[in-house]
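Here are my notes on this one, as numbered points you can check against the coordinates.

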Amino acid sequence: MDDAHNAVPLPRLITFTFLLALLCISPVVTGSGTGQDVSQLRAQLKAAQDAADKPAIIELSRRILAIAPNDSNVWETLAQTELETEDLDRLEQTLDAWRKAVGHPSASIEDFQGTLCFKRKDYQCAERHWLAYVATKPRAADTATEYDDLADLCAAQERWEDHANYRTKAIAAQDSAARRVSRAIAFLRLHKWDAAYSDMAKANKMDATAPEVKEWLPQFERLQGFLPRIKELDAQIAKSPNDPAIAALLLERARIFTLAGRPLLALDDAQRAFKLQPASMRARIQTAEALLDVDSVDDAAKLEVGRDLRRGEDKHVSEQVLRELSALDAKLLLNPKDSAALTARSKILRELRQFMLALADARAALAINDKSADAHFEAAQDLNGLGQPKEALEQARIATELDPGDSAKWFFRGVLDRERANFAGAIESQTSSLGINESLAALNEREQCERRIGKIHEADADLRRIRELAPEQK
């Protein structure tokens, strides 16, 4: 390398050294940077591109630029490859070096800068650079693609009007079935139903075989059957959009969107209802359900709703459960200290397998009335569901003491005793349960516990009774 440096005039050596430092490269080219050297490197770069060898493309591009720093095509190749390999820090360095090396770089540098900003979630920066690229009047296809990117940027920020406007500009630049579908989806988010269906019809007419049309047309057809009721609710909600009283209408519309397979629309309405009435458990559950439907498990967890939310055969929380929650929410809105309503809501939440929320309601009920046997019973079941059997047993004990005439409370206490290997206690609890109401479940529990402690005669007697009640049971 000493010989090569001695062969290069001082000004060129300074520029060469500056670019090497800027690009963080280690040149291994031989010779003095002649046209022949560059030609060989370009041939190697072409071979690397043909082989899709990205590390080689990056290295060769840097070597060429160390010799020919004004080559915008190679700068673009280097930037594109660094973008494809997600080497964002190096891409940033490349774009800075490109600007310094070339007096008037190609317009594509704005596109690269915008993409870099977008990947770093600096949306304002991305939008500014992408619009600067569009202002250079690239070819129609590139303009349309840039507007597609701008639409995606707005979607990431939930700027739905701007999202639809950029979709419209993309279509104006270069129309296609795929872009018509994209704008139709954007119109759905804005509840512009007629415009959405018009775009979908146009897309289907343009190219019924397009993957986007084949994916989305059945979904539009499914939603269409729900539109009459949705439009009715649209009109009612529009009359008083910020009135907390419309939360019920929003939740009804959210439910329809869920049934129609549109979880994002359901999420919009459920979140809006939850914001208007943050104490509404129905709004919380529907919001969480929509989040789970779009795989936002972590966001649902922030609402204390887990992925094990119980659903019906249609894979949705049942209409009956939602209506019961609405009724209890309404009672608690009028009287937040309604212990019975809190206990009843705790039971529903437990049945939905949401034990933390259920326990919170049970404890709230107990804070109002610590003599409520039902609230203690709910707390017991919730604690057991959360894996706290010792605490659950204590609550079950209190529940049976407060309400000794309830067979279900004794049965559950017996189950907890048996799970803690207190078989004598379990037998006593199940005997109390059976004394109030004979049931196969309690007989089975007692018979098992009797055998565990060697009370074979008593166990056999229970087994005979079980067979009398259920001859098919062996």
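1. Start with the sulfurs: Cys117 and Cys125 form a disulfide, their sulfur atoms sitting 2.0 Å apart (a disulfide being a pair of cysteine sulfur atoms within 2.5 Å). The structure holds 1 disulfide. Cys117 is buried at 7% relative accessible area, and Cys125 counts as buried at 9%. For these labels, buried means under 20% relative accessible area, exposed means over 50%, and partly exposed is in between, with a 1.4 Å probe and protein chains only.

2. Cys154 takes part in no disulfide; its nearest cysteine sulfur belongs to Cys125, 15 Å away. Cys154 is buried, with 0% relative accessibility. Cys449 is buried as well, at 1% relative accessible area.

3. A word on what you are looking at. This is a predicted model, where local features need pLDDT of at least 70 and side-chain atom pairs count only at pLDDT 80 or more, while totals for chains, interfaces and linings use all residues. Residues are numbered from 1 along each chain as its sequence is written, and side-chain values use heavy atoms, with hydrogens and water left out.

4. Next, a helix pair. Helix H6 (residues 88-101) packs against helix H7 (residues 108-119) at an angle of about 150°, the axes being 11 Å apart. That makes H6 roughly antiparallel to H7, a label for angles over 145 degrees, with under 35 called roughly parallel, 65 to 115 roughly perpendicular and the rest oblique. The axes are lines fitted to C-alpha atoms, for helices over the stretch in contact, and angles run from 0 to 180 degrees between N-to-C directions. Helices themselves are DSSP runs (H or I, at least four residues), numbered from the N terminus.

5. Which residues meet between H6 and H7? On the H6 side they are Leu88, Leu91, Glu92, Leu95, Trp98 and Arg99, and on the H7 side Ser108, Ile109, Phe112, Gln113, Leu116 and Lys119. By class, the contact of H6 with H7 has 7 nonpolar, 2 polar and 3 charged residues. Contact here means heavy atoms within 4.5 Å. As for the classes, Ala, Val, Leu, Ile, Met, Phe, Trp, Tyr, Cys and Pro count as nonpolar, Asp, Glu, Lys and Arg as charged, and the others, Gly among them, as polar.

6. Now some backbone to check. Most residues other than glycine have a negative phi, and most peptide bonds are trans. Asp295, not a glycine, has a positive phi of about 65°. Asp295 lies in the loop between helix H17 (281-293) and helix H18 (297-302), and is exposed at 66% relative accessible area.

7. Lys315 is another non-glycine with a positive phi, about 70°. Its loop runs between H18 and helix H19 (319-334). Is Lys315 buried or exposed? With a relative accessible area of 61%, Lys315 is exposed.

8. Arg229 sits in helix H14 (residues 227-239) and is partly exposed, at 30% relative accessible area. Not counting residues up to four places away in sequence, Arg229 touches Gln236, Glu252 and Ile256. The C-alpha atoms of Arg229 and Glu252 are separated by 10.0 Å, and the two residues are 23 apart along the chain.

9. Last, Thr343 in helix H20 (residues 339-351). Thr343 counts as buried, at 10% relative accessibility. Setting aside neighbours within four places in sequence, Thr343 is in contact with Ala365, Ser372, Asp374, Ala375 and Glu378.

Key. Helix = DSSP H or I, 4+ residues; strand = E, 2+ residues; numbered from the N terminus.
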